[in-house]
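Me: Could you go through this structure with me? I'd like to begin with its pocket.

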Amino acid sequence: MSDQQKSEEKRDSKGNFQKPKSPKFNFNFYWVYGLVSFIIIAIYLFDFGKSPKSVTWNEFVTTMVRSSDVDKLVVVNRETVNVFIKKESLKQ
């Protein structure tokens with residue numbers, strides 16, 4: 001070993017050579033990929049209140065039709081109807 005390398009190495013109190021300490025946390029770029037993947041999966045799995053709301057017939061008639069909040073109705077099949085609400089009523 002050259003004299004220069006020996007001078008760069010540190011010795012402890014007993015005279016033994018110590019290896020240089022490496023940093024405790026090495027940033028790994030895979031953490032960024034994992035975080036982005038987690039966010040995409042969370043958005044896909046969790047509902048943030050944008051799903052359609054199911055209502056009963058009585059609730060539909062008493063709250064939406066009588067207050068003239070309904071813009072149009074679209075019958076999807078004999079059991080499901082899509083109700084579109086007026087934009088003015090959504091602001092309320």
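Me: Which element gives the largest share of the lining of the largest pocket?

Reply: That share, five residues, comes from α3. This is a predicted model, in which local features need pLDDT of at least 70 and side-chain atom pairs count only at pLDDT 80 or more, while totals for chains, interfaces and linings use all residues. Residues are numbered from 1 along each chain as its sequence is written, and side-chain values use heavy atoms, with hydrogens and water left out.

Me: Which elements give two or more residues to that lining, and which residues lie nearest the pocket's centre?

Reply: The lining has 19 residues, and Lys53, Val55, Phe60, Val81 and Val83 lie nearest the centre. The elements that give two or more residues are α3 (57–65) and β4 (81–85).

Me: How many of the lining residues are nonpolar, polar and charged?

Reply: They divide into ten nonpolar, five polar and four charged.

Me: Switching topic, what is the order of elements along the protein chain?

Reply: From the N terminus the order is α-β-β-α-α-β-β-α, which comes to four helices and four strands, where helices (H or I, at least four residues) and strands (E, at least two) are DSSP runs numbered from the N terminus.

Me: And what percentage of the residues count as buried?

Reply: Of the 92 residues in the protein chain, 5% count as buried, meaning under 20% relative accessible area with a 1.4 Å probe, protein chains only.

Me: What about contacts between residues 24 or more positions apart?

Reply: Such residues account for 0% of the contacts (heavy atoms within 4.5 Å) with a separation of 6 or more in the protein chain.

Definitions and conventions: Buried < 20%, exposed > 50% of the residue type's maximum accessible area, 1.4 Å probe, protein only. 1 Å grid on protein atoms, 1.4 Å probe; cavity = no way out; pocket = protein on both sides within 12 Å on 5 of 7 lines; lining within 4 Å. Nonpolar A, V, L, I, M, F, W, Y, C, P; charged D, E, K, R; others polar.
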